[in-house]
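Here are a few quick notes to read alongside the model. Have it open while you go through them.

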Amino acid sequence: MPQKVAIIGTGQTKHAAKRTDVNIRELVNEAVTRALIDAEVQLDEIDAIMIGNMEPFEGFMFPEHWAVEGWGGYLKPSVKFNTGGTVGTTTIAASYYYIAAGIYDTVLAIGFEKQSDGHTQTAITTVGDPVWERTMMAGAVGNFALMASTFIAEGGVTDEHAAKVAVKARHNGARNVNAHLQMPDLKVEDVMKSELLSWPVRKLDMCPQSDGAVAVVLTADHLAKKRCARPAWIRAVTTAHEQQYMGDSPKRLAVMRSQTAASRRLYKMVGITNPRKELDVAEIYEVASWAELAMYQNLGFCEPGEAGKLIDEGVTLMGGELPVNPSGGVLCTNPIGATAMIRVAEAALQVMGKAGEHQVPNVKTALATGYGGNAWTDAMILSASF
Amino acid sequence: MTSGVAIVGVAQTCYEAAKDHLAYNELVYEVVAKLLRETGVKMADIHSQITASQDMFDGKTISSMSVNEVVGGYLKSEAKVAADGLQAALYGAARILSGSFEYTLITAHAKESESRRPAVTVSMFDPFTQRPLGLHDAISSGLQAERYLHVSGVTEENMAELSRRRHLDAKKNPLAQRAGDFTTKQILESPQMAGPLREMMVSPSSDGACAVLLASAERASAFGKRAVWITGTGNCTDAYWTERDLAEARALELAAAKAYKAAGIRNPAKELDVAEISARCAFEEPMYADALQLFDGDPRAWIRQSAKGEGIAVNPSGGAITGNPTSVAGLTRLAEAYLQVSGQAGEHQVAGARTALAHAADGICGQGHTVVVLRGNSGN
């Protein structure tokens, strides 16, 4: 029988555009120390460490090797993952499988990125195929502009809907002490008047580039019950990939097959038939305001074409039927190697009742997703009971 | 602990200095197609894939995107380790043991020919104090070789003897890159790389890919002698290269101890029939063999013995020194160990091999080590 797996502690750095006060070692150490304190676990109780990071963004091959003192890997098993935006959830998934398999009991998962050390948009351009795509890639923005314009062509969403999502994120982020962008007074018209980066994406529609790290302590059921009054149980984990080349998937944002497939598989694994009703909160990897709208329908929160209505009716706001990204999400904080794991950490905080000022009341079931590559999805369900 | 996972097939490309005619996806397609053909397993039955590649070598962020299609990752659970492929195999085994998957396909690829190794490996070094010195991995290996030779008494001639033997063994491995009946004089007189290391004592730049199919106990039963069991695994991370004694491999000792314990091996030198060790440089082999407890006492005596082909068979494939790329080298060791204990190694078969070890090293001067112990279904 596989071991059940629970999250018993999390830690995040203060995320910012440039953490010039710390190097990579110190940045990672900040999150790890906080996670160990939160979990009330000593480093010698950790059996193995799983690390997620996108080294091309720092221009550093094996930065975790250099930073090993900062995360406690000395003479411990460790493995490093690199799957783009999804890497944080990929790393949690690996921790989950290793514990479920009984190979390790307690695992420390870490995600980090110090984007200010390198040049992220240059590195993102090399995601594209060198022959077919690289010459027309322009970092992340061009890619998401293509996605958003396809989505608009599908009908049902406007730039005002997108701006509302951007405002929701920044207002939520203002109540999260760790969030990078905190804009409690942002208005819809501010977003719609912000600089046009690549139609239809405006500056305030996009996520920022952040320096930051996150750490999560996961453990097997026999320890979780002893160590934590209210652990966040990982009920199910899944991954789906699609689209190696940009032209492979028509309507790729409007119908993101990997996200549709992964979420349906996940809901089936835990018996969810109506995600909007049965989920209490969702922390999703929304790279741009437009993407969040598309994800509402991809994740089954609404029918296709009704995403705009969801934000108009306030369903996904704090206090709504299904709050999405109470932490402020990726639109507020985006240290890429950490970003997807922050979704899991935030979902865990909600389930554990530790989210402080951005806590959603009575969370029993939470969804966390990662988004990466051109259209990849990791997804998991966390819950207060197993 | 890991007794419930078997390797049921492996495939490798031949290793070459430059596979100019193949893109990354074509390189991996070659091994995946071969593996499916030889095992008879259908892609539709494989739902889990772990790949290994290094973005900085591929010159591509998220380098697994090149191969996602050909490993069958569409709408499935692919993940990538940014480490040696042997780490991918460990994760793949964990996925099966978790009860979530019946098969996991492991692949590793690299085309070192697409970049200049010093220009890539300089990025492994401390950006503040070390990169300005112009360091790259040949230099750090040269420094490590000096330290190890000083501490162990191993000589340049000893390194040449071992290198000669491995290149000679590689002649029997049709996939090997740099094989031949070289003299120790030729090796000692080959161009200096760094410190005591000569060109013929260091792995040449290499292109290649390797694939391994892991299966649950239930699925493996259909493969008979072609199923080989993973009986022990271990992994350990050491301190950064400038913060430890480079003549020691403490992390490898710990990784091996864990793998041996799980496999029930008390005397590795006696109980193992074959060891495939990731040694890119000649001095690494005695250093790692020592940490793996494959000999006791003077490494010079062991080198002389091994160079004559006596004692435990180490790197009968020729080993990484004859040319295996970064990220791939350790998975190649696993594939070769599999071929030995399943009796499929052809001309370089070690007679009667039943128990074998595969090892991988990661990072500067072997900062990370991974060990896997395999046992065949019956003697050959």
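**Notes on chain B**

1. Start with what sits over helix H12 of chain B. The cover on its buried residues includes helix H5 (137-152), helix H6 (156-169), helix H11 (284-291) and strand E10 (313-314), which belong to chain B. Bear in mind that this is a predicted model.

2. Now H12(B) itself, residues 299-307: the buried positions are Pro299(B), Trp302(B), Ile303(B) and Ser306(B). Looking down the helix axis, these buried residues fall within an arc of 100 degrees, so they line one face of H12(B). Just after the helix, have a look at Gly309(B), where phi is positive, about 85 degrees.

3. H6(B) is another one to check. Eleven of its 14 residues are buried, so the rest of the structure largely encloses this helix. Among the buried ones are Met159(B) and Leu162(B), but also Glu161(B), Arg164(B), Arg165(B), Arg166(B) and Asp169(B). The buried residues of H6(B) pack against helix H7 (184-188), H11 and H12 of chain B.

4. The length of H6(B) works out: at 1.5 Å a residue its 14 residues should span 20 Å, and the end C-alpha atoms are 20 Å apart, which agrees.

5. Last, the contact between chains: 49 residues of chain B meet 46 residues of chain A. On the chain B side, at least two residues each come from helix H2 (55-58), strand E3 (77-81), helix H3 (85-97), helix H4 (117-121), strand E8 (228-237) and helix H9 (250-263). Sorted by class, that side of chain B has 22 nonpolar, 17 polar and ten charged residues.

Definitions and conventions: Residues numbered from 1 in each chain as written. Chains lettered and ligands numbered in written order. Predicted model: local features only at pLDDT ≥ 70, side-chain atom pairs only at ≥ 80, totals over all residues. Contact = placed C-beta atoms within 7 Å. Helix = DSSP H or I, 4+ residues; strand = E, 2+ residues; numbered from the N terminus. Nonpolar A, V, L, I, M, F, W, Y, C, P; charged D, E, K, R; others polar. Buried ≥ 20, exposed ≤ 12 C-beta atoms within 10 Å, placed from the backbone. Arc of directions from axis to C-beta. Expected span 1.5 Å × (residues − 1).
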